[in-house]
Amino acid sequence: VPLYPLLQDLVDDCRVEAEARGCQVLLGASPSLEVQGDRELLRRAVENVLRNAIRYAPEGTSVETRLESGAGAALITVRDYGPGVPRELLSKIFTPFFRVDPSRDNATGGVGLGLAIAHRAVSLHQVRLRAQNVEPGLLVSIEIPLHEV
C-alpha cells in the first residue's frame, strides 16, 4: 500500500470538515513509502485518528499530518492543538466506548468508537499506535513496518 496517496486522499476528504470547524489540515509527507497491509483498514485507522483530531482542534489552528520513515518503519503522525488528554486517561482512549468527558454523547461528540476502530484496524497489521500530549494538543502516531520492494 503506497501511503502518500492514501494520506493525500484522506486530507482532501477531511478538508471540508476542518474548514467548517475553522481550522485547516496540513500534510507533510515522504511520497515513496509503501507498507504491506489492507488499504481499507489502514485508511480507516488514519481517517478515525484524523477526524478525531479535527473534532478537538480549536478554531484558527491546524491539524498536522506527517509521514516519515526510519528504522524500517513508516511513521504517520497526526497532531492537533486542542486540549489534549489527561495523562491518567491516555492509555484508555483506544478502548471502545471510552470518552475523556463522560458527559459527551453522540450528539455532542461521538460515542467513543473512532480511536477504538483505529486501534483494531492497525492491530491486524503489527502496527504500533500511540498517543501523547504535546502541550498544547495531542499527537497520535502510527508506526507501520515498511514493505521491502
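Predicted model: local features only at pLDDT ≥ 70, side-chain atom pairs only at ≥ 80, totals over all residues.
**Exercise 1. The overall fold**

Task: State how many helices and strands the chain has, and in which pattern they follow along the sequence.

Solution: 
- Step 1. Count the elements. There are three helices and five strands.
- Step 2. Read along the sequence. The pattern is α-β-α-β-β-α-β-β.
- Step 3. Turn to burial. The chain has 149 residues, and 42% of them count as buried.
- Step 4. Check the contacts. Take those between residues at least 6 apart in sequence; 67% of them join residues at least 24 apart.
- Step 5. The chain exposes about 8,000 Å². Carbon and sulfur atoms supply 50% of that area.

**Exercise 2. Helix α1 against helix α2**

Task: Describe how the axes of α1 and α2 cross, and list the residues that meet.

Solution: 
- Step 1. Two packed helices are described by the angle between their axes and the distance between the axes.
- Step 2. Locate the helices. Helix α1 covers residues 3-20, and helix α2 covers residues 39-56.
- Step 3. The crossing is right-handed.
- Step 4. List the contact residues. From α1 come L6, L7, D9, L10, V11, D13, C14, E17 and A18. From α2 come R39, R43, V46, E47, L50, R51 and I54.

**Exercise 3. Salt bridges**

Solution: 
- Step 1. Set the cut-off. A side-chain nitrogen of Lys or Arg must lie within 4 Å of a carboxyl oxygen of Asp or Glu.
- Step 2. Take R51 and E17. R51 is partly exposed at 25% relative accessible area. E17 is partly exposed too, at 27%.
- Step 3. Take E40 and R44. E40 is partly exposed at 33%, and R44 is partly exposed at 41%.
- Step 4. Take E143 and R130. E143 lies in strand β5 (residues 138-145) and R130 in strand β4 (residues 128-133), so the pair ties together parts 13 residues apart in sequence. E143 is partly exposed at 25%, and R130 is partly exposed at 38%.
- Step 5. Join the bridges that share partners. E17, E40, R43, R44, E47 and R51 form one network.

**Exercise 4. V140**

Task: Is V140 buried or exposed? Which residues is V140 in contact with, leaving aside neighbours within four places in sequence?

Solution: 
- Step 1. V140 is found in strand β5.
- Step 2. Compare with the cut-off. Buried means under 20% relative accessible area. V140 has 5%, so V140 counts as buried.
- Step 3. List the contacts. V140 touches V49, I76, T77, V78, F94, L129, R130 and A131.
- Step 4. V140 and L50 are 90 residues apart along the chain, and their C-alpha atoms are separated by 9.1 Å.

How values were computed:
Residues numbered from 1 in each chain as written. Heavy atoms only, no water. Helix = DSSP H or I, 4+ residues; strand = E, 2+ residues; numbered from the N terminus. Buried < 20%, exposed > 50% of the residue type's maximum accessible area, 1.4 Å probe, protein only. Contact = heavy atoms within 4.5 Å. Areas by Shrake-Rupley, 256 points an atom, 1.4 Å probe, with all protein chains shown as cover. Axes fitted to C-alpha atoms, helices over the stretch in contact; angles between N-to-C directions. Left-handed = near helix turned anticlockwise from the far one by under 90°.
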